[in-house]
Amino acid sequence: MRTLDRLLADLGWSLSWLIGRSLRWEEEGRANLAAARASGRPILFVFWHNRLLHTCYRISRERLVMMVSQSRDGDIIARVAHDQGISSVRGSSSRGGTAALRALARTMKERGLCGGITPDGPRGPRYVLQPGALLAARLAGALIVPVGLGFSRKKVFASWDAFQLPWPFARARLVFGEPVDPPAAAGAAALEASRADVERRLLAVTQAADRPFPRRS
């Protein structure tokens, strides 16, 4: 890893930790997470790419392994994740995808970890769920739990994902959706129906997380 990237990663971790500690956290849907845990099956969290930093900060206590792209940005994200106590498996829909999904599922099962995927990453389109999350969940025998995160005040960057960084001391609202069973069948129609359903649910919890806060922050 390049020295500059290492410095950026360390800065990212310090920033996420300091801001995360200052946020006034609210949560909704803990019963949904409890139901997923009670099933005894692995859990795969899905959340949008533009909210990954503080979603990971908040749910890292769940013993998480993340799928992170093999890009230079992914190198930085993987180091920040490591500093948060999060394991990572490298790959994306464009590079090493299938192998990484299998590795993610294997790590979840063998080490008893929850998984994490940003299903519109690493390049978008924003808020369009790619089917890799469904494959990973099926391979791991996991339930999918959609997670939304909203902020009362934030900086929105001019990136493809409109990345969100909350201002210190803002309110942060984390919403867990109902657990979803991935399709047992591998047919294209069943996969697309499930993909669209999980996308709809993830959009819904994201809207629920954003709803208390004004559009302009």
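View 1. Leaving aside its neighbours within four places in sequence, S22 touches P168 and F169, where contact means heavy atoms within 4.5 Å. This is a predicted model, in which local features need pLDDT of at least 70 and side-chain atom pairs count only at pLDDT 80 or more, while totals for chains, interfaces and linings use all residues. Residues are numbered from 1 along each chain as its sequence is written, and side-chain values use heavy atoms, with hydrogens and water left out. S22 belongs to helix 1 (residues 3–22); helices (H or I, at least four residues) and strands (E, at least two) are DSSP runs, numbered from the N terminus. With 13% relative accessibility, S22 counts as buried (buried is under 20% relative accessible area, exposed over 50%, partly exposed in between; 1.4 Å probe, protein chains only). Its side chain reaches the backbone nitrogen of F169 at 2.9 Å and the backbone oxygen of I19 at 2.8 Å. These are polar contacts, that is, pairs of N or O atoms within 3.5 Å; within protein, one must be able to donate a hydrogen and the other to accept it, and residues adjacent in sequence count only if both atoms are side-chain atoms.

View 2. Axes are lines fitted to C-alpha atoms, for helices over the stretch in contact, and angles run from 0 to 180 degrees between N-to-C directions. Strand 6 (residues 143–151) and strand 9 (residues 171–176) run antiparallel and are joined by five bridges. G148 has V175 in strand 9 as its bridge partner.

View 3. The axes of helix 5 and helix 6 are 8 Å apart, and the two helices pack at an angle of about 40°. Helix 5 and helix 6 are therefore oblique to each other (under 35 degrees counts as roughly parallel, over 145 as roughly antiparallel, 65 to 115 as roughly perpendicular and the rest as oblique). Their crossing is right-handed: the near helix is turned clockwise from the far one by less than a right angle. From helix 5, L101, R102, L104, A105, M108 and K109 meet G132, L135, A136, L139 and A140 of helix 6.

View 4. S60 sits in the loop between helix 3 (52–59) and strand 3. Its relative accessibility is 19%, so S60 counts as buried. Leaving aside neighbours within four places in sequence, S60 is in contact with Q84 and I86. The C-alpha atoms of S60 and Q84 are separated by 6.8 Å, although the residues are 24 apart along the chain. A polar atom of the S60 side chain lies 3.2 Å from the backbone oxygen of Y57.

Note on methods: Pairing = 2+ DSSP bridges.
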